[in-house]
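Please read them with the structure open.

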Amino acid sequence: MASEDTMDVEIVSQTEGEERASSELAVPADLVPRTLYLLPLSERPFFPAQALPLVLNREPWARTIELAMDADRPVVGLILVSPESTETLSPDDFRQIGTLVRMHHVAKEGNRIQFVAEGLRRFRIRKWLSKEAPYLVQVDYPDERAGGDADDVRAYAMAIINSIKELMAVNPLYSEELRQFFQRFHPNDPSPLTDFAAALTTAGKDELQSVLDETSILPRMKKAIVLVKKELEVARLQGQIHQQVEEKLSDQQRKFFLKEQLKVIQQELGIAKDDRTADVERFEARLEALALPDHARKRIDEELQKLSILETGSPEYGVTRNYLDVITDLPWGVHSPDNLDLDRARNILDRDHDGLDDVKDRIVEFLAVGALKGEVSGSILLLVGPPGVGKTSVGRSVADALGRPFYRFSVGGMRDEAEIKGHRRTYIGAMPGKFIQALKELKVSNPVIMLDEIDKTGASYQGDPASALLEVLDPEQNRDFLDHYLDERFDLSAVLFICTANQLDSIPRPLLDRMEIIRLAGYITAEKVTIARNHLWPRLLGRSGIARGKLKITDPALRKIAEGYAREAGVRNLEKQLGRIVRKAAVQIVKGHDKPIRVGIRDLESYLGKPVFQREQTQAGIGLTTGLAWTSMGGATLSIEASVIHSGGRGVGLSGQLGNVMQESATIAYNYVATHLDAFGANPAFFDQAYVHVHVPEGATPKDGPSAGVTMATALLSLALKRAPAANLAMTGELTLTGRVLAVGGIREKIIAARRNGVRRIILPEANRGDFDELPDHLQEKIEVHFADEYADVARIAFPGIPE
């Protein structure tokens, strides 16, 4: 029959012969409409056995709710849609089967509409009456109980019920949902039981929709039992994880309570003390072995008094405790005895280093002064030299010779003065400076502390570390060194400071004045070979695990490597090249090479490739001279070329990326030679019409300094004399406008560079005679050195036979 409302309603009865679960009377759920308004669901489908609250956006679903409520029965269709968003939908987005629900307690709050949905039965869309919201469709209702043998259905029902019971045992939260189900349905009714079992799981929406789409009872039960079994496994796994966590927490809590009870019992019996008392007693025990000055003792007593009244949980307690932990752990008055045996010290230096005899002599002399005084204190050594010459290892050897602990840290790139003098305690995470940390770690107040790369300190808005070092490295000030964290003065005068640097130019002059400078020049080839044989090669074999008899290298090969692949002043690159040989030999050994490997000169190219350096020959010819230069990498020979470009006018051109000082030296050399041509037997008018070009090869390398003055003058004089300088001759010296030859630096490095390149005749300034005399005998032998006080002395040697 038809009603007067907008929805058609008919009575749908159950199949005859089927048992009613509750009574023979028709229930209101059997009264179903033929047209339905739809509400979309995006997360999971709604089942007939469910009763849940739903919340919808007021727009655009308010009109749908109003129309559904105006009908005889407040029912609506809930159906799953494919898109995640339900705002804009088309009929193709809707699934075919949904659930008819009755709406209870519809309420509107703000932009939301809420109601309780009571699932009634499945429906299938037959025809779309409105394809825009509010969506209206014509539906039919499939038979949900048909399909399947009664015994099979009963067996699956029992399996579902048993699985639900197991699920409840694992997770009691399902009990409330099961109680609500039994209030609406009888457990012997398989259709709602199956739907309830599927709805109970957390399966994906596609799996749940597959159960909802199945109208035949037995296939639906098969799908549902699979989902319930999966849910049971997940619940069991969750239970195991929860149990493990609970056991761990329970064990931790049990141990905590037992420890607290034990602590209270021990305190009652006088066996143990609380944290505050234990801290105070530990700090006081440390002080018994220290010789504290009065000001430090007074400060520590004040801090201990403060600690005794603070609560252990307060932030101030932690700050005070950390401060006391530092200040009581410092070696106040604790000194290690010095071993001032000079023979032992020399043996240690010889053991650790080959060559450097002059450096070793300086160090032994330094220790001898300490032996006379009875202590080595108030001293700051500065080891200056190119990279890789052993500055750091020399410092370590000095510490071994004295028997003192050694501490090294690099100040290269340091920009914060707090690294030197510490942070004030008002800052979170404040720490003492590096020197106080070193003393705290070494437990003595007279260690050897090395400041590496002191020429590379920086400055920033956080301060200038080089200026902060002035107090540390001044023997008159460091006896009262004040660290910002300690805020108490500590005596650093017993510390032996050893600094290292590659050059002196970047070290502030006030800081440099506080140091005793010891120069470490580069090694000559013979020294490199000895170092490689005695130190580098055995160390590399040990690191690689190769037995000494398995891999050998000849001395001529070592010499070739030093001259052709690692010509730098130090031995760091030499070690890298030897390491390449060891690695390639290791590959051969691993591949099954059984015979011992011997590396000779002929084998080097297969291991290292073509030599990087070729033997430099001193140039011979008019306008060609060889100078000697110093660089931060050591000494080097410097070729200078001069040539007349044209005779159209007076002038001089310079090239070779010369610095300002070197350009000035070239100008002085040109003017001096031009004004003294007659004295040297040359045409006085030579430069009047000659445009001269002076070039220093390797133009990509910046060059500067005054020491090439005499070399440039000799090249210019060679042009004027139309005569080549003497062969196998190199020179260095600053030239003045009046012809005086002034002293230059880096004599040792320049002599080494000359020997390395086979130069055996050298001209040095007379003022550098003392520097040459201090060189070791092995550097002075087999070379002919001339000293010049005036340029005329240089000219007589370079051009024999010119007028006196």
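This is a predicted model: local features need pLDDT of at least 70, side-chain atom pairs count only at pLDDT 80 or more; totals for chains, interfaces and linings use all residues.

1. The five-stranded sheet. The sheet is open, and its strand order is S10-S11-S14-S9-S15. The pairing is parallel. Strand S10 (406–410) and strand S15 (516–519) are the edge strands. Each has a single partner strand, so one side of each lacks a neighbour in the sheet. On average, neighbouring strands are turned by 20° against each other, direction ignored.

2. S10 runs parallel to strand S11 (residues 448–452), and five bridges join the two. Look for Ser410, which stands opposite Asp452 in S11. Helix H14 (residues 434–442) packs on this sheet. H14 touches S10, S11 and strand S14 (496–501). The direction of H14 makes about 150° with that of S10.

3. Two nonpolar cores. Nonpolar side chains tend to be buried together in soluble globular proteins. Here the largest nonpolar core has 53 residues. Leu382, Phe435, Ile449, Leu451, Ile454, Leu473 and Phe497 have the most contacts inside it. Which residues does Leu473 contact, leaving aside neighbours within four places in sequence? They are Ile380, Ile454, Phe497, Cys499, Leu511, Arg514 and Met515. Another core, of 52 residues, lies apart from the largest one. Among its members are Ala345, Val529, Trp537 and Ile561.

4. Helix H21. This helix covers residues 660–675, 16 residues in total. From first C-alpha to last, H21 reaches 23 Å. That is close to the 22 Å expected at 1.5 Å a residue. Its buried residues include Met662, Ala669, Tyr670, Tyr672 and Val673. Ser665 is buried in H21 too.

5. Salt bridges, overall. How many salt bridges does a search of the whole structure find? The count is 43.

6. Arg95 and Asp206. These two form a salt bridge, with the closest N and O atoms 3.1 Å apart. Arg95 sits in the loop between strand S5 (75–80) and strand S6 (97–109), while Asp206 is in helix H5 (residues 205–213). The pair therefore ties together parts that are 111 residues apart in sequence. Arg95 is partly exposed, at 21% relative accessibility.

7. Arg346 and Asp350. Their side chains meet in a salt bridge at 3.4 Å, N to O. Both lie in helix H10 (residues 342–352), four residues apart, which means about one helical turn separates them. Arg346 is partly exposed at 22% relative accessibility. Asp350 is partly exposed as well, with a relative accessible area of 33%.

8. Asp455 is buried, at 6%. Elsewhere, salt bridges that share partners join Arg299, Glu303, Lys306, Glu316, Arg425, Asp487 and Glu488 into one network.

9. Leu52. This residue is in strand S4 (residues 51–57). Leu52 counts as partly exposed, at 36% relative accessibility. Not counting residues up to four places away in sequence, Leu52 touches Phe46, Phe115, Val116 and Ala117. From Leu52 to Glu316 is 56 Å in space, C-alpha to C-alpha, and 264 residues in sequence.

Terms used: Residues are numbered from 1 along each chain as its sequence is written. Side-chain values use heavy atoms; hydrogens and water are left out. A salt bridge is a side-chain nitrogen of Lys or Arg within 4 Å of a carboxyl oxygen of Asp or Glu. Buried means under 20% relative accessible area, exposed over 50%, partly exposed in between (1.4 Å probe, protein chains only). A nonpolar core is a set of buried Ala, Val, Leu, Ile, Met, Phe, Trp, Tyr and Cys residues joined through side-chain atoms within 4.5 Å. Contact means heavy atoms within 4.5 Å. The expected span of a helix is 1.5 Å times one less than its number of residues. Two strands pair if DSSP finds at least two bridges between them. Axes are lines fitted to C-alpha atoms, for helices over the stretch in contact, and angles run from 0 to 180 degrees between N-to-C directions.
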